[in-house]
Amino acid sequence: MKLNQSNMKKAKKYLDKNQCIGIPTETVYGLAANAYSSAAVKKIFNLKKRPKSNPLIVHYSKLSNLKKDCIINNNFNKLYKKFCPGPITFILKLKKKNKISRFVTNKKKTLAVRFPKHRMVKNLLNSLDYPIAAPSANISTGLSSVNAKDVKDEFGKKISYVLDGGRSNIGLESTIISLSNSPKILRLGGLEVSKIEKVLKKKIIININPSKKIAPGQSNLHYSPGIPVRLKINIPKKDEAYLLIKKRKKYSAHYYYLTKNKNLKEAAKNLYSCLRKIKNKGYKSIAVEKIPNVGIGKSINDRLNRASKL
Ligand code: TXA
Ligand code: MG
């Protein structure tokens with residue numbers, strides 16, 4: 001995707017005026033606003049119908065700017081060096097004196113931070129005097145957006161602008177790791193946990209379904225297309241959409257392929273757009289064939305499990 005300077009200027013203009021806009025990232029699209037402005041951040045919560053208690057991720061392009069707001073540590077340094085910019089979010093302790101709006105964190109003492117890789121959003125961040133708070137660009141509990149049109153479908157005229165950066169390359173949200181104490185994975189996502197473990201040279205606790213929810217991505221119903229999703233299905237019901245990962249001999253109009261040859265990266269990239277398509281066609285339910293629980297397949301299964309809790 002070519003960088004379009006006038007679109008970038010437009011995006012900056014709206015953000016400078018404390019408005020919310022849609023932004024592309026390599027994971028999913030974000031609903032962005034100035035993280036230092038409470039007026040701007042409040043708009044995100046209203047637009048998304050998001051509970052005020054659910055904190056936002058703040059996006060930076062420069063480490064020096066992050067250091068003004070957060071306390072970093074050794075584990076962070078190792079992971080930052082290897083994976084940033086990229087699909088990983090860190091939970092860090094906030095500095096006593098920081099400029100982040102208290103509405104971002106719901107007065108928590110920690111902050112979720114991420115360095116997105118998408119060229120357009122990196123450039124945009126470099127042109128701003130503040131980092132941007134950006135949750136996934138969807139109404140709370142629904143399907144995330146993976147292109148500019150999805151964002152427009154979610155929010156319509158309620159947002160002033162969507163910066164179009166093409167289709168999100170990864171298609172699943174970032175992996176969240178808490179580093180404020182000993183490392184803990186809070187959300188599976190675009191970066192495989194095994195790769196993180198290799199860098200930190202140890203097994204990391206995975207705490208994605210805690211009894212006390214600390215990240216609503218951990219809540220039972222999430223990422224939902226709004227119709228029942230049935231998992232590990234061999235034979236779908238008549239008239240049910242059937243989500244598949246390997247090519248069938250027979251043709252059926254109800255077959256929707258995430259990939260035709262079990263390529264799980266490709267499946268991840270297509271997941272939300274396929275679910276959105278099925279929902280928009282008016283199906284009453286979705287059957288999903290078994291997806292191998294390996295590599296990025298674990299993140300796909302995590303999303304589908306939560307989507308099936310309707
Ligand atoms: O890939 C992504 O991470 C995308 C793109 C736009 O960057 N963003 C995204 O944001 O997925 P959101 O708001 O949909 O999910 C952020 C998750 C939420 O589950 C939230 O509860 C958790 O991060 N979170 C934020 N701050 C936290 C904190 N201080 N401690 C624990 N969890 C936190
Ligand atoms: Mg989300």
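Which residues are linked with Arg303 in a network of salt bridges? The network joins Glu173, Asp302, Arg303 and Arg306, a salt bridge being a side-chain nitrogen of Lys or Arg within 4 Å of a carboxyl oxygen of Asp or Glu. The model is predicted, so local features need pLDDT of at least 70 and side-chain atom pairs count only at pLDDT 80 or more, whereas totals for chains, interfaces and linings use all residues. Residues are numbered from 1 along each chain as its sequence is written, chains are lettered from A and ligands numbered from 1 in the order in which they are written, and side-chain values use heavy atoms, with hydrogens and water left out.

The whole structure contains 13 salt bridges. In one of these, the closest N and O atoms of Arg114 and Glu26 are 3.0 Å apart. This pair connects strand β6 (residues 110-114), which holds Arg114, to the loop between β1 and β2, which holds Glu26, across 88 residues. Helices (H or I, at least four residues) and strands (E, at least two) are DSSP runs, numbered from the N terminus. Arg114 and Glu26 are both buried.

A further salt bridge, 3.1 Å from N to O, pairs Glu154 with Arg276. Glu154 lies in helix α7 and Arg276 in helix α9, 122 residues apart. Both residues are buried.

Helix α7 spans residues 148-155, and its buried residues are Ala148, Asp150, Val151, Glu154 and Phe155. They lie on the same side of α7 because they cover an arc of only 160° around the axis, taken from the directions from the helix axis to the C-beta atoms. Among the elements that cover these residues are β1 (21-23), β2 (30-34), α2 (38-48), β8 (161-162) and α9 (264-280). At the start of α7, a side-chain oxygen of Asn147 comes within 3.0 Å of the backbone nitrogen of Lys149. Gly156, just after the helix, has a positive phi of about 50°.

The largest nonpolar core has 46 residues, of which Leu79, Phe90, Leu111, Ile177 and Ile196 touch the most other members. Such a core is a set of buried Ala, Val, Leu, Ile, Met, Phe, Trp, Tyr and Cys residues joined through side-chain atoms within 4.5 Å. Helix α2 gives the most to this core, with 5 residues. A second, separate core of 28 residues includes Leu172, Ala268, Ile278 and Ile286.

Conventions:
Buried < 20%, exposed > 50% of the residue type's maximum accessible area, 1.4 Å probe, protein only. Contact = heavy atoms within 4.5 Å. Polar contact = N/O pair within 3.5 Å; in protein donor to acceptor, adjacent residues only side chain to side chain.
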